[in-house]
Each structure stands twice: as C-alpha cells, then as structure tokens.
Amino acid sequence: MARSAGGGKSASIHRSPETTVHEIERATPVAKARARRLRKALTPPEARLWVALRRRAANGLRFRRQAPFGPYILDFYDAEHRVAVEVDGDVHHDPAQIAHDERREAYLRRHGVRVLHVPAWRVRDNLDLVLR
C-alpha cells in the first residue's frame with residue numbers, strides 16, 4: 001500500500017499484489033526525454049533550490065531534479081519519502097496551467113506522493129525560510 005499525502009497508508013491505489021510501486025511510477029518515454037532537457041535548463045529559482053537540496057542529502061532526504069513520474073515531470077522528488085517539491089512561477093496563475101496542475105496533483109495523490117509548492121519569489125527572496 002502507498003503512503004497518503006498525510007504520510008499514512010492509503011487504500012486509494014488499486015493494484016494487484018504483483019504490481020510494484022516502480023511500475024506505477026514508470027515514466028513515459030516522452031516524460032523521460034523532456035526531463036533530460038529540463039535538467040539542463042533549470043530556472044534561476046530551481047537552480048538555487050537544487051544547490052541547497054543537494055547539500056541537505058545528509059539529512060535523510062535525497063531529491064532528484066526534474067524527475068519523471070508517470071506522464072509528469074516533478075521539479076524535485078524524493079522517491080523514498082514520496083515527496084515532491086514544485087517551484088511555482090507566474091505561469092501557475094494562468095487558468096489553463098491551473099487546470100493542468102490540478103490534474104497532476106490528483107494523479108500524484110492517487111500514487112501517494114505529497115507535493116509541496118513553493119513560490120519562485122520565495123526561493124529567490126528567502127531561501128532559508130523555504131528550507132525549514
């Protein structure tokens with residue numbers, strides 16, 4: 001059973017005992033190719049947060065950047081703890097983007113991934129607060 005957004009067990013994932021979490025998370029070939037491109041083109045707030053997250057690996061969290069998860073790309077993802085961190089810029093206020101984000105969020109919740117949203121301006125202006 002997968003972990004829910006609250007960290008407990010969730011019965012919302014319906015799969016046979018033979019299905020592994022890895023099979024559910026398997027990225028599509030399109031998502032893998034896109035993730036490779038995005039890793040080379042991080043936004044300044046994403047790059048700043050990535051440097052800080054890499055240094056904190058000793059604290060038990062190991063994030064991958066621009067990690068494919070099913071058909072989606074997560075800015076930062078720790079598979080062991082099933083936590084994603086998304087840096088949200090101004091584009092996330094667009095109605096079409098809001099609808100896309102809601103679909104993605106629902107997909108991730110169904111697969112037991114907790115998503116933390118951080119505004120890009122907060123990473124830029126107060127990284128220490130973001131890291132707490």
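## The nonpolar cores

Of the 15 residues in the largest nonpolar core, the ones touching the most other members are Leu-49, Phe-63, Phe-76, Val-123 and Leu-127, a nonpolar core being a set of buried Ala, Val, Leu, Ile, Met, Phe, Trp, Tyr and Cys residues joined through side-chain atoms within 4.5 Å, and buried meaning under 20% relative accessible area with a 1.4 Å probe, protein chains only. At least two residues of this core come from each of α3, β5 (83-88), α5 (120-125) and α6 (127-131), where helices (H or I, at least four residues) and strands (E, at least two) are DSSP runs numbered from the N terminus. The largest share, 4 residues, is supplied by α3. Another core, of 10 residues, lies apart from it and includes Ala-67, Phe-69, Tyr-72 and Leu-74.

This is a predicted model, in which local features need pLDDT of at least 70 and side-chain atom pairs count only at pLDDT 80 or more, while totals for chains, interfaces and linings use all residues. Residues are numbered from 1 along each chain as its sequence is written, and side-chain values use heavy atoms, with hydrogens and water left out.

## The sheet

An open sheet of 4 strands runs in the order β3-β4-β5-β6 with mixed pairing, two strands being paired if DSSP finds at least two bridges between them. Because β3 (64-69) and β6 (114-119) stand at the edges with a single partner strand each, one side of each is left without a neighbour in the sheet.

## A buried glutamate

Glu-46, which lies in helix α3 (residues 44-55), is buried yet has no salt bridge, and the nearest side chain of opposite charge, Arg-65, is 8.6 Å away. A salt bridge here requires a side-chain nitrogen of Lys or Arg within 4 Å of a carboxyl oxygen of Asp or Glu; Lys and Arg count as positive and Asp and Glu as negative, with His and the chain ends not counted.

Note on methods: Buried < 20%, exposed > 50% of the residue type's maximum accessible area, 1.4 Å probe, protein only.
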